[in-house]
Amino acid sequence: MNKIYDIIIIGGGPGGLSAAKSAAENGAKHILVLERDREVGGILQQCVHNGFGLHHFKEELTGPGYAQKCYDLVKDMDEVEISVDTMVLNIENKSDDKKIVTCVSPRNGLQKIEGRTVILTMGCRERTRGAIRIPGYRPAGVYTAGAAQRMVNMEGYLPGHKIVILGSGDIGLIMARRMSLEGCKVEAVLEICPFSNGLTRNIVQCLNDYDIPLYLSHTIVGIKGRDRVEGITVSNVDDSMRPIAGTEFDIECDTVLLSVGLIPENELSRELGVAIHPRTNGPVVDQHRETSIDGVFAAGNVVHVHDLVDFVSDEAEIAGKFAAIKATGNAKKATLDINVNAGDGINTCVPQHIRLTSGEDESVRLFMRAKSPQRKVTLHIKDGDGEVMKKPLAIVKPSEMIAVDIPAAKVKNIKSDITVSIEGAK
Amino acid sequence: MDKVQTKILNCIMCPMGCELTATMEDGVVTSVKGNSCPRGEKYAKDELTNPMRMLTSTVRIEGAALHLLPVVSKSTLPKGKILECAEALREIKAKAPVKVGDVIAPNILGLGVDIVASRDMAAV
Ligand code: SF4
């Protein structure tokens, strides 16, 4: 063990690559990105559809195109080293500025690498059938939407021909269109909630364009077939998402795709001992994306699941910048630590706290998810003394993350914990 | 007599998904409201008269580490031709190395739009 890195980045998806770029631009000299796949880019490599990059790169890109751009920005930087085919096994916090990352790769075998700081950008993974428990046999033909996406877009074979998709999250909707383009018949998309969990544009261009019916407040109550899926039984659900007896009907299909949500991938973070937030399932972070452990930062889907990769990059750039400042010994000591609480109508809010320094001069961006869809609401940010700021929002949906900036002038004046809430029109 | 219609639609040009209210008189869009940027107005006009879509798909590739190359249409195609274009792409085989933006299927189905690679893919 010889070289000491300023920053070791765990995961070479858009988060890791964006963090590396920003870290180099902010003074870090030795940055190492560890990626377990054979190439960087993460999940974007299988998201061949477009719609990425409008915010962050000001142009519309496909997933692989976005990954390519992130990679092109760092590949010639002397400060950034990328190691693919490298699986991180463990991260140890030796002291505030000494972290040991244990990893394994075919090229270097088992290695222990030292860094002053670490940035966690492992992303998220899909919930699986086990996590939601569908009764029935375990026939072939049941896949997560992401696994099917990998098959169709990277490996080159189809999971089946008559498809039903459970869950109207974006991956499910995108896959409905993708399977249709490949000549499959998508019989239905089922959503247990009374509203869709995907972006509106995806309902329009992935379902409506292909005349695929979306059944809201419906779920699968049984899967038929012993060796291969032959069909499913669907039922209407009540307000508490319980199937309503007598509403069942059958749909014939050979494949069921599950798009039932994503969860941040935090095994490494948990072992390392960073505090995990019960609602986001990701590390608790401050506005610089520093976790509960000094010198350990986290950004992107590992912190909270984003719907736009653009925001992943934005967030990773924040983490990269402040990890660089920390690693080069230029971090200012915080004088006040303020909690950010999710109040009425808000499910999650990141960052969960703000660490202020004397002479604070940075604005703070809050990322929030609403509990339920609503129109014409006002977002309030209040501290113990009253309103810090408010913002009218035409529409909020749980599927679309809300991003609001608290301007530096207002951040400076915050004296106590703040609560973010949504209030409907009076 | 003029027939005035109001149509509500969601702009799909970016993930913001603005809800647009378009007014149509005699099949001509006369006003669009609710868009946060000019692309929304153009979308509403196109969508109500001549809907267009981007196409993203994959084609087989030889000589690369992966079997498939992701591709994208250089600009939008008529919505009604999308499935036919996707079908045509299933017959095409690219050859590594490929650079992002390389034309993989020129002038698809004679519609005047090229299909290009959406990433680099090295030869192995
Ligand atoms: S109107 Fe502009 S901002 Fe709104 S969805 Fe369309 S492209 Fe996006």
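In which strand of chain A is the place of His353(A)? His353(A) belongs to strand 22 of chain A, residues 353-356; strands (E, at least two residues) and helices (H or I, at least four) are DSSP runs numbered from the N terminus.

## Basis of the model

This is a predicted model, in which local features need pLDDT of at least 70 and side-chain atom pairs count only at pLDDT 80 or more, while totals for chains, interfaces and linings use all residues. Residues are numbered from 1 along each chain as its sequence is written, chains are lettered from A and ligands numbered from 1 in the order in which they are written, and side-chain values use heavy atoms, with hydrogens and water left out.

When neighbours within four places in sequence are left aside, the residues in contact with His353(A) include Asp286(A), Asp337(A) and Val340(A), contact being defined as heavy atoms within 4.5 Å.

Asp286(A) also forms a salt bridge with Arg355(A), with the closest N and O atoms 2.8 Å apart. This pair links distant parts of the chain, 69 residues apart: Asp286(A) is in the loop between helix 7 and strand 19 (296-298) of chain A, and Arg355(A) is in strand 22. Asp286(A) is buried at 1% relative accessibility, whereas Arg355(A) is partly exposed at 23%.

Side chains of opposite charge can pair when their charged atoms come close. The rule applied here requires a side-chain nitrogen of Lys or Arg within 4 Å of a carboxyl oxygen of Asp or Glu, and it gives 37 salt bridges over all chains. One of them joins Arg36(A) to Glu265(A), the closest N and O atoms being 3.5 Å apart. These partners are separated by 229 residues: Arg36(A) is in the loop between strand 2 (31-34) and strand 3 (50-52), and Glu265(A) in the loop between strand 18 (262-264) and helix 7 (267-272). Glu265(A) is buried, at 16% relative accessibility. Arg36(A) and Glu265(A) are linked with Arg125(A) and Glu267(A) in a network of salt bridges.

Lys69(A) forms a salt bridge with Glu59(A), the closest N and O atoms lying 2.7 Å apart. Lys69(A) is in helix 2 (residues 63-74) and Glu59(A) in the loop between strand 3 and strand 4 (61-62), so the pair ties together parts 10 residues apart in sequence. Lys69(A) is partly exposed at 30%, and Glu59(A) is partly exposed at 34%.

## Interface of chains A and B

In chain B, 32 residues are in contact with 34 residues of chain A. The two chains bury about 2,700 Å² between them, 53% of it on carbon and sulfur atoms; buried area is the accessible area (1.4 Å probe) that two parts lose on being put together, summed over both.

Across this interface there are 5 salt bridges. Asp209(A) forms a salt bridge with Arg53(B), with the closest N and O atoms 2.5 Å apart. Helix 1 (38-49), strand 5 (56-62), strand 6 (68-73) and helix 2 (82-89) of chain B each supply at least two residues of the side that touches chain A. Strand 5 of chain B gives the most, with 4 residues.

Technical notes
Buried < 20%, exposed > 50% of the residue type's maximum accessible area, 1.4 Å probe, protein only.
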